[in-house]
Amino acid sequence: MRKDRLYFLTFISISVIFLIIASLGVKYFIKVSANQLIELQLESSKREANEIAKLINYQLVGGINRQKVIENVQNTIENTHNEASFIGVFDWSGKEVCNPDITKVGQKVNSNQSLLNSLKEENSSDKFYELLMNLKKEKENNNTVESEIVYISPVEGSDLIVAAHVNLNEISTQTKKLKTSFYTIFALMGGLIILSSFFAVRILGSYYEKQLELKNTTLESELISLSKLNTDLVAYQQKVVENTDNEQSEPTSDSGKKRILTYIRNELIPIAIDEVAYIYTENTITYVICFDGKKSTSNISLDDMFTSLDASLFFRANRQFIISISAIEKIIKYGNSQLKILVQDADVEIIISKNKAAEFRQWLNI
């Protein structure tokens with residue numbers, strides 16, 4: 001898959017995921033915010049209605065004429081701000097006696113009982129919001145969009161009732177403003193998140209590609225080096241075989257031995273150098289392993305053994321092993337810059353450390 005196509009699909013995926021989450025989240029936030037707004041207005045309206053009811057009661061108890069009290073209240077609330085909520089007064093017959101809009105005085109009040117009942121329930125704001133919206137839709141269809149009574153406070157010792165009204169148009173307008181604000185915020189936030197995620201993916205993708213290319217280059221270099229190492233191994237082994245076939249009278253090295261004296265049980269057995277595959281030490285005992293699998297021991301330490309061998313034919317791989325050039329089957333990479341030697345016809349693995357690896361490569365190029 002091309003990088004541009006991958007980035008495009010990543011951009012589309014992030015956008016779709018954000019739109020799904022945002023579509024669910026914005027509805028929840030709008031509803032919660034609208035409910036909080038309504039709750040604040042309800043509490044304010046209730047408090048104002050109760051205060052007006054107490055004020056009317058105090059005036060009536062003080063001996064002020066009922067009609068005079070009504071006139072005082074009407075003068076107080078007339079032409080007041082009634083865009084969101086306002087206070088009105090009606091009597092037990094259901095007629096308005098006080099209203100900010102004086103033209104409505106004397107008219108019948110219009111209240112929805114289910115709306116008032118919803119206020120008595122716990123967590124009423126959810127239901128109240130839905131009822132308000134449903135009432136607004138009904139009244140819009142009938143072209144009679146008006147206010148609704150959301151709370152009543154009877155005046156003690158009289159037939160007057162103080163009512164708190166809310167303007168459905170104003171509630172709807174405030175809700176629309178909330179929706180617009182939330183959608184705008186989510187749109188800006190979504191654009192920022194999507195673009196940031198897109199550029200982050202590109203930056204991380206480019207960084208990963210560079211690291212992968214570097215790793216591939218390093219691996220390719222190691223494979224080439226390892227291939228050359230195995231090629232040198234084969235060439236060196238062929239050279240050793242040719243020298244053996246020619247049966248030269250002179251030894252390969254002045255210090256190299258022709259035989260090693262070893263023990264099998266209590267029997268002293270001489271072993272020709274060219275028969276030795278590898279030598280190792282375990283629990284202070286030196287073991288000599290031949291190409292045919294025969295195993296014998298020696299009293300000579302591994303250090304002394306190595307000094308007596310032909311350095312062109314044997315290599316000290318580590319503290320535990322000495323390996324013959326002819327016994328090496330393959331060289332492979334092991335760990336971090338280490339090498340592993342696989343021995344022919346033997347279930348043994350010899351590890352050459354990072355420090356010894358350079359010496360081993362030089363030894364194969366002798």
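Buried, in these notes, means under 20% relative accessible area. I'm working from a predicted model.

**Entry 1: an aromatic pair.** I started with Phe-315, which comes out at 3% relative accessibility and so counts as buried. Then I checked Trp-363: at 5%, that residue is buried too. I counted up the ring pairs next, and the structure has seven aromatic pairs. For Phe-315 and Trp-363, the ring centres are 5.2 Å apart and the planes sit at 35 degrees, so I logged the pair as tilted. It joins distant parts of the chain, with Phe-315 in strand β10 (residues 314-316) and Trp-363 in helix α7 (residues 354-364), 48 residues apart.

**Entry 2: a ring cluster.** Which residues do ring pairs link into a cluster? I found Tyr-278, Tyr-280, Tyr-287 and Phe-321. I also noted Lys-295 over the face of Tyr-287, 4.5 Å from the ring centre.

**Entry 3: Ser-324.** I looked this one up in strand β11 (residues 321-324). Its relative accessibility is 5%, so Ser-324 is buried. Beyond neighbours within four places in sequence, Ser-324 touches Val-276, Ala-277, Phe-291, Leu-313 and Phe-314.

**Entry 4: a sheet.** I traced an open sheet of four strands, antiparallel, in the order β2-β1-β4-β3. Its edges are β2 (96-98) and β3 (147-154), each pairing on one side only. On average, neighbouring strands here are turned by 40 degrees against each other, direction ignored. Helix α2 (residues 66-77) packs on the sheet and touches β1 (85-91), β2 and β4; the helix direction makes about 75 degrees with that of β2. Last, I followed β3 along β4 (residues 160-167): they pair antiparallel over seven bridges, and Glu-148 stands opposite Val-166 in β4.

Key: Residues numbered from 1 in each chain as written. Predicted model: local features only at pLDDT ≥ 70, side-chain atom pairs only at ≥ 80, totals over all residues. Heavy atoms only, no water. Helix = DSSP H or I, 4+ residues; strand = E, 2+ residues; numbered from the N terminus. Buried < 20%, exposed > 50% of the residue type's maximum accessible area, 1.4 Å probe, protein only. Contact = heavy atoms within 4.5 Å. Pairing = 2+ DSSP bridges. Axes fitted to C-alpha atoms, helices over the stretch in contact; angles between N-to-C directions. Phe/Tyr/Trp six-rings, centres within 6.5 Å; stacked < 30°, edge-to-face > 60°. Lys NZ or Arg CZ within 6 Å of the ring centre and 35° of its normal.
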